[in-house]
Amino acid sequence: MERWKGRVALVTGASVGIGAAVARSLVQQGMKVVGCARNVDKIEKLAAECQSAGYSGTLIPYKCDLSNEEEILSMFSAIKTLHQGVDVCINNAGLARNEPLLNGKTDGWRNMIDVNVLALAICTREAYQSMKERSVDDGHIININSMGGHRMVPSADEHFYCATKYAVTALTEGLRQELREANTHIRATCISPGIVETEFAFRHHNSDPEKAAAVYESIKCLKAEDIASAVMYVLSAPPHVQIGDVQMRPVEQVS
C-alpha cells in the first residue's frame, strides 16, 4: 500500500457500513479520501475519529446525492479543483427496495437503477477521465458488488436488486475489456460479499425491523471490516496483477 500514500481515493456511500470501513482503512494507509453520501454528518464524525487516531491520511466529507448526475459531476469537478483528481474509485453506494417483479413500484425500481447501476457507471467514467487527463496509468476502480450479482436470491423482495447487481458484474468485466483496449494499466475489480452485518437489512426491511434483525442473527455474518480488508488486498496487489472478482461469504451461508 506504500505507493498509494498521499494519493486520492473516492469512496461512495461512505457514511456507514462497508463504505465507512473502507474509508477508514484507506485513511489509515495514508490516502486522501473523499467520502461522499447524501448525509455527511457521520462522515464528519469519522473524519474526526481518524484525525484523533493519528492516521497519516485525511478524510474529506462531501455531500452528494448519487441519484443526481449533476451532483456527481459537480463532485468530480470539486475534487479536480481541490485535489487534482481521483486515483482510486471505490463504487460502494448501493440500496435495495422491497419491490417484487410482479407488483413492485416503478419508482423503487428506478431508484435502484439510478444508484446501483447508473451512479456506478457515471463515477467510473468520470474517475477514468480524471486519471487519463493526468496520465495516471496505475489507477484502480473497485466496484462493491454482491453475491446477488452472481446468483438469484430466492426472495421476491430482492429480485430486482439482484438484477442491478448482475449489471454490476457485467459492467466490471466490460470495463476491464475497455481498459485493455485503451492500452492502460488502470485496473478494475469487483468485490462480491454475501451477508454483511451493516445497516443494509434494516434499510431494506425498514417496515419490519424484526425481519431485518433475523437476517443477521441466523449465521455469523461478514463484518464491514472484512470487506475493507479485501479492498486493501486488491489495492496492494502488484501492478501487473489483475484481480477480477473477489467473492466472499460467511462460512455458514448456504446460497
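This briefing covers the salt bridges of the structure and the parts of the chain they link. The model is predicted. Side chains of opposite charge can pair when their charged atoms come close.

**Pairs at D138**

- R3 forms a salt bridge with D138, with 3.1 Å between the closest N and O atoms.
- R3 sits in the segment before β1 (8–12) and D138 in the loop between α4 (106–133) and β5 (140–144), so this pair ties together parts that are 135 residues apart in sequence.
- R7 also meets D138 in a salt bridge, at 2.8 Å from N to O.
- This pair links distant parts of the chain, since R7 is in the segment before β1 and D138 in the loop between α4 and β5, 131 residues apart.

- R3 is partly exposed, at 29% relative accessibility.
- D138 is partly exposed too, with a relative accessible area of 25%.
- R7 has 17% relative accessibility and counts as buried, because the cut-off for buried is under 20%.

**The pair K80 and E133**

- The side chains of K80 and E133 form a salt bridge with an N to O distance of 3.4 Å.
- K80 belongs to helix α3 (residues 69–83) and E133 to helix α4, and the pair links these distant parts of the chain, 53 residues apart.
- K80 is partly exposed, with a relative accessible area of 47%.
- E133 is partly exposed, at 48%.

Definitions and conventions: Residues are numbered from 1 along each chain as its sequence is written. This is a predicted model: local features need pLDDT of at least 70, side-chain atom pairs count only at pLDDT 80 or more; totals for chains, interfaces and linings use all residues. Side-chain values use heavy atoms; hydrogens and water are left out. A salt bridge is a side-chain nitrogen of Lys or Arg within 4 Å of a carboxyl oxygen of Asp or Glu. Helices (H or I, at least four residues) and strands (E, at least two) are DSSP runs, numbered from the N terminus. Buried means under 20% relative accessible area, exposed over 50%, partly exposed in between (1.4 Å probe, protein chains only).
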